[in-house]
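Reader: I'm new to this one and would like a close look at a single part. Could you pick a helix and walk me through what surrounds it?

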Amino acid sequence: MPQNLDAVAVRAWCRLALDALGRAREEIDSINVYPVADGDTGTNLYLTVESASQAVDAAFTGHDPALPSLAETVRAMAHGALIGARGNSGTILSQLLRGMAQILGGPDSPDGLGSGEAVEACDADHAAVGADGRILELALRRAAESAYEAVAHPVEGTVLTVATAAAEAAGAAGSADCGAVARAAYDGACAALDRTPGQLAVLGRAGVVDAGGRGLVAVLGALVRALSGETLSLKAADSVHARVEAVECEEPAADGGGPAFEVIYLLEADDSAVARLRTRLDRLGDSLVVVGGDGLWNVHVHVDDAGAAVEAGVEAGRPHRIRITHFGAGDAHTTAQAPRERTQRAIVAVVPGEGLAGLYAEAGATTVPTRVGEPPASGELVDAIRRAHAREVVLLPNDAELRHTAAAAAEQARTEGVRVALIPTRSAVQGIAALAVHAPDRRFDEDVVAMTSAAGATRYGELAVAERQSWTMAGICQAGDVLGLIDGDVAVIGSEVAPTATSVLDRMLSAGGEMVTLVLGETVPDTVAERLEKHVRETYLAVDTVVYRGGRQSALMLIGVE
């Protein structure tokens with residue numbers, strides 16, 4: 001019986017691709033010479049797929065005990081890759097997945113289906129029951145087309161070439177079985193990867209295959225395994241470890257040098273603004289890739305003027321998750337510099353909301369900004385630990401759901417020689433309590449114990465708005481209700497912010513307390529804080545209240561009681 005691609009298979013594909021890239025990461029990093037020899041393509045692809053896999057897992061959790069449809073799963077995969085895309089190759093991979101989602105999402109996909117042939121092939125039921133080989137072939141074809149469209153100046157001998165060869169081989173298979181189509185795509189990708197040193201001069205001179213293409217081969221191999229159970233080994237040129245022989249190249253050698261910075265950000269903007277942004281960024285630098293759609297985009301460019309690239313994003317819409325990387329010593333764009341001395345100790349904290357990020361930064365912490373529903377991947381935490389550039393790091397995840405992600409990041413940093421202590425803070429208000437007692441002059445262990453004790457002695461609450469009708473510990477809530485959570489569980493259901501917050505405060509203070517911390521979301525007026533402060537002052541003797549603004553992307557309200 002022909003094998004179809006369904007939601008379960010997509011989830012398995014994401015997990016297997018993450019595993020494959022994890023095993024191949026160092027190999028791929030080692031052959032990364034284009035567009036910049038900065039040795040991070042494998043890492044960037046891994047982090048991109050990690051974000052996609054987390055989004056798919058979240059889609060399954062949200063439907064438990066039922067299963068999401070294929071359409072919901074592939075859209076989650078594409079969105080996760082978009083918001084977590086890293087580097088040039090990761091950004092292109094996210095667009096490849098988005099192109100596949102445009103077809104696999106079915107006729108009702110908000111992205112549209114592209115060609116009339118695709119619409120004809122996609123019947124009304126495939127998004128729910130699974131896609132056959134014909135649809136998978138169309139999805140691979142659309143993936144390659146959309147990736148080419150996203151790159152300002154496509155170059156052959158790269159991941160784009162490998163993706164196109166995979167799609168062409170899938171089409172030539174002419175099978176209704178997804179496993180057979182995926183295997184044909186994998187074989188075509190391997191053959192194309194072998195040819196990349198003869199298409200791109202810098203690869204030929206270095207004697208390597210394209211790193212991004214090598215990563216795509218790993219991802220396609222994972223797709224084959226998810227559909228058929230077959231485990232494949234790399235076919236290309238005796239594997240990347242052996243390197244390939246230097247060959248005569250079709251393209252002349254490129255001049256040395258190039259922009260000094262890589263700039264990446266997510267951007268909320270309409271299509272017309274993004275079109276103007278592409279033109280402006282193309283004049284500023286190179287390696288321009290803009291992927292996404294439906295109002296959310298991922299922008300990647302190499303420039304000398306990083307500020308101008310960010311300013312262009314501000315003029316186009318609202319950029320966030322801005323990452324600016326100066327190409328390190330020894331890569332193709334820079335000359336060697338003396339490494340700066342490490343500081344003794346640093347705090348790294350995951351922080352929701354711009355206001356809280358500023359507060360943490362003023363206290364000396366290196367922050368990892370996060371948005372509701374978009375938790376950071378472990379690689380982002382590792383990057384923050386590296387940016388802190390300290391011998392000792394205290395890591396504050398500030399979210400119970402991030403405990404495993406934070407633990408993985410801490411373990412990775414330890415392998416790089418950094419002493420890391422993970423304090424399991426479950427809310428930003430617990431992180432504030434920990435920061436308040438931080439004393440860098442103390443011995444590391446003593447400082448960690450004091451911070452852990454302060455965080456543990458702080459109960460945390462939160463106000464949120466219900467998105468749909470649901471059962472809770474406090475009863476049934478309706479969409480639009482204000483929910484009061486205490487230590488992660490719904491304790492109060494109300495209709496207005498101030499009364500619900502008052503009820504939550506009373507419950508939290510019934511067990512005692514000396515200090516109340518309120519973090520207000522962007523939409524909460526100051527009058528609510530004044531009302532709550534007055535209530536605490538008049539009802540609870542010797543209890544102080546401090547109020548902060550969380551700013552954009554923060555929760556409706558966070559409450560801490562120490």
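Author: Let's take helix α14, residues 306–316, where Ala306, Ala308, Ala309, Val310, Ala312, Gly313 and Ala316 are buried (under 20% relative accessible area, with exposed over 50% and partly exposed in between, using a 1.4 Å probe and protein chains only). Helices here are DSSP runs of H or I with at least four residues, strands are E runs of at least two, and both are numbered from the N terminus. A quick word on the source: this is a predicted model, in which local features need pLDDT of at least 70, side-chain atom pairs count only at pLDDT 80 or more, and totals for chains, interfaces and linings use all residues. Residues are numbered from 1 along each chain as its sequence is written, and side-chain values use heavy atoms, with hydrogens and water left out.

Now, what covers those buried residues of α14? Among the elements doing so are β1, α13 (271–284), β3 and β4, with contact meaning heavy atoms within 4.5 Å.

β4 joins β1 (residues 261–268) through seven bridges, in the antiparallel sense, and Leu267 stands opposite Pro319 in β4.

Terms used: Two strands pair if DSSP finds at least two bridges between them.
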